[in-house]
Amino acid sequence: MCKTITLNNNIEMPVLGLGVYKITDDQMTHVIESALNAGYRAFDTAHFYFNESSLGQALNNSGIPREDLFITTKLWNDDQGYEKTKLALNKSLEKLGLDYIDLYLIHWPCPNDNLFIESYQAMEELHEEGKIKSLGVANFKQHHLEKLLEVAKVKPVVNQIEYHPIFNQSELQAYCESQGILVTAWSPLMRGGVLFENEILKSIAEKYQKSVPQIIIRWHIDSGRIVIPKSSNTQRIQENFDVFEFELDTDDIQEINQINIDARQFKDPDEVNVGDLKK
């Protein structure tokens, strides 16, 4: 079973989960069966992925007790705002077939629209009602977090951000940790498989007799991050989970840190606002 990490509200969250971005409804049952067999118990979706219903159905059909699962979903940009947030959460619950969400995130801050504060306040009320166990954010920079923390009654437990060896947001992680907020790495292996040919990573993988993706996932975990690699391939799903019988030496972690070139692969959160991103 997956090891867990303690959030600032004392809830245990698996340190390794499966991201289901771009997993289609037709793929979902097979993907979830493969993941559950491998040992995954945490699953990360979003309204924007348009697969909450198929994920919920696959998990419900699995026979795994609800209390053994940790489900994350997210508030999409177009649903930000106090009343719309409450409607969106209830729709996600209905699609997933759940009574509560383990972790609900604001997907992007959308700073120009300036709605993330009232969205979060609605989430705090949903938390009080028991519909959300833990609150969090995604793609928040330090200045977004500072603005939120000025008024938040319930501190976010995680900030889910783009994080991989060539885009190492160590300063943002350090700030989050200073506030008791953990970082979840999305796109943890970077897209396109480019990192799999990196000579430094290949050398470290040979040292541990592991694959490059396993080394990168272990680098995230050993650096205190939650990690949610995505795959629809049964072999890779299993391989990505097979990282709990070894740890990286400090020198190897530092060597991977040096690969960083501050190369963001996706949108800058300051440039994403309501209506900017479409499927």
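This is a predicted model: local features need pLDDT of at least 70, side-chain atom pairs count only at pLDDT 80 or more; totals for chains, interfaces and linings use all residues.
View 1. Helix 2 covers residues 52–62; helices (H or I, at least four residues) and strands (E, at least two) are DSSP runs numbered from the N terminus. Its buried residues are Glu52, Ser54, Leu55, Gly56, Ala58 and Leu59, where buried means under 20% relative accessible area, exposed over 50% and partly exposed in between (1.4 Å probe, protein chains only). Their cover includes helix 1, strand 4 (42–44), strand 5 (70–75) and helix 3 (82–96); contact here means heavy atoms within 4.5 Å.

**View 2. Phe43 in the largest nonpolar core.** A nonpolar core is a set of buried Ala, Val, Leu, Ile, Met, Phe, Trp, Tyr and Cys residues joined through side-chain atoms within 4.5 Å. The largest one here has 81 residues, and Leu16, Tyr40, Phe43, Ile215 and Leu248 touch the most other members. Apart from this core lies another, of 11 residues, with Leu7, Met13, Ala42 and Ile226 among them. Leaving out residues up to four places away in sequence, Phe43 touches Leu18, Ile32, Ala35, Leu36, Leu55, Leu59, Leu69, Phe70, Ile71 and Thr72. In soluble globular proteins, nonpolar side chains tend to be buried together.

View 3. Helix 5 spans residues 142–149, and His144, Leu145 and Leu148 are buried in it. Seen down the helix axis, these buried residues fall within an arc of 95°, so they line one face of helix 5; the arc is that of the directions from the helix axis to the C-beta atoms. They pack against helix 4 (116–128), strand 7 (132–138), strand 8 (158–162) and helix 6 (170–178). Zooming in on His144, its relative accessibility is 2%. Its side chain makes a polar contact with the side chain of Asp270 at 2.9 Å. A polar contact is a pair of N or O atoms within 3.5 Å; within protein, one must be able to donate a hydrogen and the other to accept it, and residues adjacent in sequence count only if both atoms are side-chain atoms. Setting aside neighbours within four places in sequence, His144 is in contact with Pro109, Pro111, Phe116, Asn139, Pro269 and Asp270.

**View 4. Asn273 beside Asn112.** Asn273 sits in the segment after helix 10 (250–257) and, at 8% relative accessibility, counts as buried. A polar atom of its side chain lies 2.8 Å from the backbone nitrogen of Asn112. Not counting residues up to four places away in sequence, Asn273 touches Asn77, Cys110, Pro111, Asn112 and Asp113.

**View 5. Helix 7 packed on helix 8.** Helix 7 (residues 199–208) and helix 8 (residues 212–222) pack at about 90°, with axes 8 Å apart. That makes helix 7 roughly perpendicular to helix 8. For reference, axes are lines fitted to C-alpha atoms, for helices over the stretch in contact, and angles run from 0 to 180 degrees between N-to-C directions. Angles under 35 degrees count as roughly parallel, over 145 as roughly antiparallel, 65 to 115 as roughly perpendicular and the rest as oblique. Leu201, Lys202, Ile204, Ala205 and Tyr208 of helix 7 meet Val212, Ile215 and Ile216 of helix 8.

**View 6. Val183 in strand 9.** Val183 belongs to strand 9 (residues 182–186) and is buried, at 1% relative accessibility. Beyond its neighbours within four places in sequence, Val183 is in contact with Asn159, Ile161, Tyr163, Gln173, Cys176, Arg225 and Ile226. From Val183 to His220 is 37 residues in sequence and 9.8 Å in space, C-alpha to C-alpha.

View 7. Most residues other than glycine have a negative phi, and most peptide bonds are trans. Lys22, not a glycine, has a positive phi of about 70°; this residue lies in the loop between strand 3 (18–19) and helix 1 (25–38). Lys22 is exposed, with a relative accessible area of 58%. Asp262, in the segment after helix 10, has a positive phi near 55° and is exposed at 54%.

How values were computed
Residues are numbered from 1 along each chain as its sequence is written. Side-chain values use heavy atoms; hydrogens and water are left out.
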